[in-house]
Amino acid sequence: VRTDIDALPITEQVENEFASTNEGVMHACGHDIHMASILAVATRLKEVESDLNGRVRFIFQPAEELGYGAFYITDTKAID
């Protein structure tokens, strides 16, 4: 299961309790829902772990917006 984890160099222009706490960067491209989704999947799979036939690997891909994140992941051998 793969998700992207990078933030974009954008300053939040709204004040919400879930706004970025890091000045000058925010998850403006759906990355928050990607992280929420993968954490929900991980939680559910952990609940049924004994019923699974094999291993599940979670890959958190950096630099997706920059265009080289997938190459970075393959270079780490994380999917071997």
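Among contacts in the protein chain between residues at least 6 apart in sequence, what share join residues at least 24 apart? The share is 43%, where a contact means heavy atoms within 4.5 Å. Keep in mind that this is a predicted model, where local features need pLDDT of at least 70, side-chain atom pairs count only at pLDDT 80 or more, and totals for chains, interfaces and linings use all residues. Residues are numbered from 1 along each chain as its sequence is written, and side-chain values use heavy atoms, with hydrogens and water left out.

**Fold and overall shape**
- Starting at the N terminus, the elements go β-α-β-α, with 2 helices and 2 strands in the protein chain; these are DSSP runs (helices H or I, at least four residues; strands E, at least two).
- The protein chain is more spread out than a compact globule, because its radius of gyration is 15 Å, well over the 12 Å that the globule rule gives for 80 residues (taken over C-alpha atoms; the rule is 2.2 Å times the number of residues to the power 0.38).
- Along the principal axes, the C-alpha atoms fill a box of roughly 45 × 30 × 15 Å.

**Surface and burial**
- Of the 80 residues, 18% are buried, meaning under 20% relative accessible area, with exposed over 50% and partly exposed in between (1.4 Å probe, protein chains only).
- Carbon and sulfur atoms hold 55% of the accessible surface of about 6200 Å² (Shrake-Rupley method, 1.4 Å probe).

**Around Val1**
- Val1 sits in the segment before strand 1 (2-4) and is partly exposed, at 44% relative accessible area.
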